[in-house]
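Dear colleague,

I am passing on the structure below, together with some notes on its aromatic rings. Please read the notes with the structure open beside them.

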Amino acid sequence: MLSFPATPILPLASLEVGHHFYWQIGNLKVHGQVFLVSWFVIALLVLASVLATRNIQRIPSGIQNLMEYALDFVRELAKNQLGEKEFRPWVPFIGTLFLFIFVSNWSGALIPWKLIKLPEGELAAPTNDINTTVALALLVSLAYFYAGFRKKGLGYFAKYVQPTPVLLPIAILEDFTKPLSLSFRLFGNILADELVVAVLVLLVPLFVPLPVMLLGLFTSAIQALVFATLAGAYIHEALEGHGEEEHH
Amino acid sequence: MSMLGTFVWLVAEAGAEASEEGGFGINPDILETNLVNLAIVAGLLFYFGRGFLGKILSDRRSSIEAAIREAEERKQQAAAALADEQQKLAQAQQEAARIRASADERAVATKAAILEQAERDIQRLRESVTQDLDTERSRAIAELRQRITTLALQKAEAELPSRLNDDVQRSIVDRSISMLGGAS
């Protein structure tokens, strides 16, 4: 994996961003702190799912009710993006994206990770590492290519020249800008939020960072929503083509 | 995010920092770890989120309850209606069986009546035919008899001149007279 390049212009920020808790796996240097928090998030989600489904009641209560509400939420989200006909097989993917990103963001904003000291780098939301967001965005790219090929076979490529072949370069470019914008939007928002909070905490340790932290909570939730929504929108676009298919 | 602080303090506490960089540990600095603010944020989130989320969840729960209750009510109604209709069906089947039985009965009766009637008709026809036959036969016999008589008379009349002479005439007359006499 790539390490985020330390910016030489801002030495303070480079100290922040550029330091990672490296693990060496084969030829790869991976960011251990991201893995640790990711595992924590995954464990949290799995635990919540297990607890919610362990003793299923007809009339939901407690955590079952909460998780059913979450499921309803992601299902609505997928349905709004993909339409009544196509959304069902994509609920797990979009729902997983949303829940993982949401819980990651909020764990970064709510849990005092800095209590735990690593040999190098520090624990934070997994989504403030570009590698995580790029991985998620590439998964979205794979998903929408898969959706398009599965629905139309090689006819999927027809959409690149569909309104007019003049737009072919732009259509091809879109396949690169989509994961790029997805990953950088999420990464940038989360990292910027954490940096702003960190800087404010350095300047005024008490109370002043509170509004920014609350705003950060809001932004984090919105970013998770945006990521999942855009994933749904891209998959829908791949499924539908440029409008010709809708008349069938 | 303690790096600016670290940066500032590095000058003074370089030795201590260097030794701490080595491994895992717990950072005891409450201000540096932003613990107070995080606690406040978590508290606020808990306080408001609890009410908000709690309301959403209880609404959801009650709407599910209502939906289930309604569905169960409808199910009961449907079961009642089903039982009702089944009863009606049974009644109708009974009625149909009754109608069929009575129809069978009536069919048998009608058949018997028709057969009897036919029998009677046949009898009557046969009788009338027999009567006709008798009449016809007696008529034919009478006709034949008359014809034979006529023919016999003709023949007798034809033969009479050749056979009849005085002697014969006399003997006949005599015989007749004697017969008359014999009879008296």
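In this predicted model, ring pairs join Tyr144(A), Phe145(A), Phe149(A), Tyr156(A), Phe157(A), Tyr160(A) and Tyr234(A) into a cluster, where rings of Phe, Tyr and Trp (its six-membered ring) count as a pair if their centres lie within 6.5 Å, and planes under 30 degrees apart are called stacked, over 60 edge-to-face and the rest tilted. The charged end of Lys178(A) sits over the ring of Tyr144(A), 4.7 Å from its centre, and Lys29(A) lies over the face of Tyr22(A), at 4.6 Å from the ring centre; the criterion is NZ of Lys or CZ of Arg within 6 Å of the ring centre and within 35 degrees of the ring normal.

Over all chains, a search of the whole structure finds 21 aromatic pairs. One of them is the tilted pair of Phe102(A) and Trp106(A), with 4.8 Å centre to centre and 35° between the planes. Both residues lie in helix 4 (residues 91-110) of chain A, 4 residues apart, about one turn of the helix, helices being DSSP runs of H or I with at least four residues, numbered from the N terminus. Phe102(A) is partly exposed because its relative accessibility is 22%, the class between buried (under 20% relative accessible area) and exposed (over 50%), with a 1.4 Å probe and protein chains only.

Residues are numbered from 1 along each chain as its sequence is written, and chains are lettered from A in the order in which they are written. Local features need pLDDT of at least 70, side-chain atom pairs count only at pLDDT 80 or more, totals for chains, interfaces and linings use all residues, and side-chain values use heavy atoms, leaving out hydrogens and water.

Note on methods:
Helices (H or I, at least four residues) and strands (E, at least two) are DSSP runs, numbered from the N terminus.
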